[in-house]
Each structure stands twice: as structure tokens, then as C-alpha cells.
Amino acid sequence: MTNPNQLDFGPATGLICRECETPAELGARHVCAECFGPLEVKYEFGAITREQIEAGPRSIWRYAALLPVPADAANRPLDLAPGFTKLQESHNLAQRLGMTKLWIKDDRDNPTHSFKDRVVAVAMTAGKTLGFKTISCASTGNLANAVAAAAARAGVKSVVLIPDNLEQGKVVTSAVYGTTLVGIHGNYDDVNRLCSEIADDRGYGFVNVNLRPYYAEGSKTLGYEIAEQLGWRLPDQVVVPIASGSLLTKIDKAFKELIALGLVEAKPYRIFGAQATGCNPVAEAFEKGWDVVRPQKPNTIAKSLAIGNPADGPYAIDVANRTNGSIGHVSDEQIVDGIRLLAETEGIFAETAGGVTVANLKQFIERGELDPTLETVVLNTGDGLKTIEAISDNVGFTVTIPPSLEAFRAAVPE
Amino acid sequence: MSVIVRVPTILRSYTGGEAEIAGEGATLNDVLHDLETRHAGLLTRVLDDNGKIRRFVNVYVNEEDVRFEQGLETPTPSGTAVSILAAVAGG
């Protein structure tokens, strides 16, 4: 398929403004020239069957026909091939929370241990199509890892900007890939603002600025995988962490596309959003019934979700309202409890965002907002090994003893 | 009493392609109206029909989002740096 620029974006036919529906050509642009609203990818999908998808690689590229990428995206060797992560049935956690059927979609399995490898893979493909020599991003840490690693693998330069107060585990795991890692004296929203200015100043492909329409589409693969791994059906309820709100809206978009393409049966589903109290602009607007999101100054241990001015906040609220879901928020203490609960019941050590999501799940049930008798999928988007600081004051040695059997017998009862 | 205003690529059709333009005024509102006298059309791209900053536009005065300051009434003393940006980015 071709488009006006003769660039291969697969089934994508153009961009369209989510607000005023003004069309735009496929290219390195992310906001509408008329109203500054966000541009989204528009498609003309051909016939797609479950069998075609199932015959594809065990990565996000099995869904290439549903993404703005060339049909041969899977055959590009210089790619980290993320995705197709475990969907773990979680009996123990379900029992603890009084639930009937619970699954954890565990995106620690990705190459840099977070869901960001998905969005970066799609953005890198668009960046290559558009001829960018340097790939860049504003990040709270996970995206920085994903961009630095993918750029190393693809052999392109990367410039990664993060707040300089991030967890050491996220700084080191970006720097190791040989990226240009720029620490900013400020919070994520400061970094993001600076990156918008740099994008106008340098010829960089910013995955979450001028490549954002393509990047964001990568999150749909989480929705596709959930449906495929459940045996080509949709769950009743999904709980998703909210930073910018983009991921939540793309899970919804994925489900809607699968229904429209006849790949799953249509059914009602409910989407729940999870924030930390120390950065809860979307939950606040949802609770108060606002259609705009009031920016905040974040202060939470869940740094990966600490976006005070979330670009897709209003759209996340629309999805939660339309699907009869909800958006909640939990304290830092609850986040730590959530991390420990998931680890102790399911053997999954989540980063702070996973703690936010599990703690919100518990709270939604306690408040009667989420039905524990319905099948529920919870997203764990990152790895606890990157945010050890968050719980290192809460867990540690049970006891330390001299190397003698006597001391062990005294310290550890039968 | 001069301030420097950085404008995004998407608005440079109003500034003859210039990335930075000079303005005058005691507040952000005054500066924006001053710019309009030389860069006609710019104002309505930044402000909506009610004279408020558009939903998808962020304006920063000395690196601070004016929504955390006094909005359009944020003071802009001489030497202030103003930056206009599309709000939709990141995440």
C-alpha cells in the first residue's frame, strides 16, 4: 500500500486530529496544525485472520498488519522484537482479594523489562522510514532504557533526557547502552517541555514528541495479546496504570479494533485506571467530573507514573466513563503494600507502577467499583529490580546470624 | 521592557519563520496582544474565543507553566523568556 509520501507505513493511510478531525499526511508530526490537538494514525485494514496472526513471530510483529509499519517489520534483523509476554493466571492473588478469575499481563518479559519496548519498536520503525539519524525521548526511566537499547541494536545514535533524580536502577540501565544520557534538574514535565523545544531545534526523531502518533500505537499490542492469549476473547475488566493516559486509551482502541475486524466477539468490557495519590491529575478530574485535567506537581515514589500534565488524561477519562470503569489513586504506603502483595502471592516483583495497579485493584474491589466475580486482567508494566529504593526500607534480612547450626536453630523455628 | 518569545514550528508561519520574537508588556496577556500587532493571527492560535489559553497549548514564563502562576496575568518583567508549546507530548 502506498501513501502520498510514498513512505511505507503499512495499513496506515494518514494522520487525523483526535479533536477536530482535520487530516494530516503521514510524517514526523504529532499535533494538529489547526487546533494543536493530538494526531492519531488512521488505517484501512485489509482482511486479517486469527490464523495469519498466530502464524507470525512471537513478538509484537505478529500484529504488524494492525500497526503503522511495513508488512515485513518482523524480518528486520536490527530490532529487539519485544512483546508476546506472559499472561499469568493468578490464583493466589485472586484468592487473597476474593476474586474468581484474575490474570497478570506481565511486561517484565520485554527486552528492557517494561512495556516501553513495544512503543519504541514501532516508533523506531517509523523513525527509520522517515530517515532520522538520531532517536530521542523524554522519559521517567523505562522509556529511556527502551530507546537506548533499541538504538544500540539498530546502530543509530540516541539522546535520552530524564529527570536527574530518578532511581539509580533506571539511570544505570539507560547509560549502559552507550546513549547520550542527559539528566535534567527538574521533574518529568520540565523534561517534556524541554524536549518539545529541542524537537523544534534539532533534527531528532523524538519517539514521544514528533513520532508520538506511531509510538502510541505500539501500546495496542498489549490489548491484542491479552485477547489472543485468552483464546481470542476479551476480559470483562482490565486495570491499567496511568501516566500520560496513552496506554489506557490504546488498550481500548485495540479491543475496539479486534471487535470491528471480527477477531473477537463483541462484548462489554470495563477499563479501570490506576494512579498514585502523589500524582493523580487524571483520577482527580475523573472524581470531580471535569473534562479538563488540572496539572499537578508530582510527589510520589511511583516515578514512572509521575506525569503532572498528562497529554491523554481527558481521553483516559472518556474511556473509563464510556466503559463504566473508574480511575482511582493510592498512597505511597499502599503502593509498597501492592508491590509486596503481588510478589508474595504470585512471584512477580513489579516496579512501583505495578504496585500502584495492584493497590488500586484491591481498592476498586473494596469500594464495590470492580466486580470480583468477573474475569479481570491487571497490567504489570515494569520490573521491580529497577526501583529497589521504593521498598528497600520495608523488606530485607529476616535475621542475620553467625555461621553456626546452633544459631540457625535458635533464629529460625521449624 | 522587552521579552523574548519562543514560538513552535507550527506557529512560525506567523513570524516569518523566526523561532524567537521580541515583545513588550507587563503581563503575558499584554505581551501576546503586543505580538499580534506585528504578527497578525498569532493571538487566536494561542487563545480561544473566550480569551483563555487554548486547551492544547502550554505557555511557560521563565520555564514555569503559567497555569501554576497567574495564567495570562503572569508578570513579564524585562528579560523574561516566554515559550509557547503544543501541550500534547510525552508519556
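# A guided tour of chains A and B

Between chain A and chain B there are 13 residue pairs in polar contact, both residues of each pair at pLDDT 80 or more. A polar contact is a pair of N or O atoms within 3.5 Å; within protein, one must be able to donate a hydrogen and the other to accept it, and residues adjacent in sequence count only if both atoms are side-chain atoms. This is a predicted model, in which local features need pLDDT of at least 70, side-chain atom pairs count only at pLDDT 80 or more, and totals for chains, interfaces and linings use all residues. Residues are numbered from 1 along each chain as its sequence is written, chains are lettered from A and ligands numbered from 1 in the order in which they are written, and side-chain values use heavy atoms, with hydrogens and water left out.

**Stop 1: the interface of chain A and chain B**

Select H6, H7 and helix H11 (313-322) of chain A: each supplies at least two residues of the side of chain A that touches chain B. Helices (H or I, at least four residues) and strands (E, at least two) are DSSP runs, numbered from the N terminus. H6(A) gives the largest share of this side, seven residues. By class, the side has 16 nonpolar, eight polar and 10 charged residues. Here Ala, Val, Leu, Ile, Met, Phe, Trp, Tyr, Cys and Pro count as nonpolar, Asp, Glu, Lys and Arg as charged, and the others, Gly among them, as polar.

In total, 34 residues of chain A are in contact (heavy atoms within 4.5 Å) with 25 residues of chain B. The two chains bury about 2400 Å² between them, and carbon and sulfur atoms give 55% of that area. Buried area is the accessible area (1.4 Å probe) that two parts lose on being put together, summed over both. Now select Phe36(A), Arg193(A) and Asp200(A), which supply 31% of the area that chain A buries against chain B, more than any other three residues.

Next, display Arg6(B) and Glu197(A), whose side chains meet in a salt bridge (2.9 Å, N to O). A salt bridge is a side-chain nitrogen of Lys or Arg within 4 Å of a carboxyl oxygen of Asp or Glu. Five salt bridges are found across this interface.

**Stop 2: two loop residues**

Stay with Phe36(A), in the loop between E2 and strand E3 (39-43) of chain A. Phe36(A) has a positive phi of about 70 degrees although it is not a glycine. Most residues other than glycine have a negative phi. Phe36(A) is buried, with a relative accessible area of 1%; buried means under 20% relative accessible area, exposed over 50%, and partly exposed in between (1.4 Å probe, protein chains only).

Then select Glu21(A), in the loop between strand E1 (12-17) and strand E2 (23-24) of chain A. Glu21(A) also has a positive phi, of about 65 degrees, but is exposed, with a relative accessible area of 56%.

**Stop 3: the two domains of chain A**

Colour domain 1 (4-13 + 116-215) and domain 2 (86-113 + 219-390) of chain A separately; these bounds come from an automatic or database domain assignment. Their centres, taken over C-alpha atoms, are 24 Å apart. Between these domains there are four salt bridges. To view a salt bridge in chain A, select Glu225(A) and Arg118(A), whose side chains meet at 2.7 Å, N to O.

**Stop 4: a residue in helix H13**

Finally, select Thr357(A) in helix H13 (residues 352-366) of chain A. Thr357(A) counts as buried because its relative accessibility is 0%.
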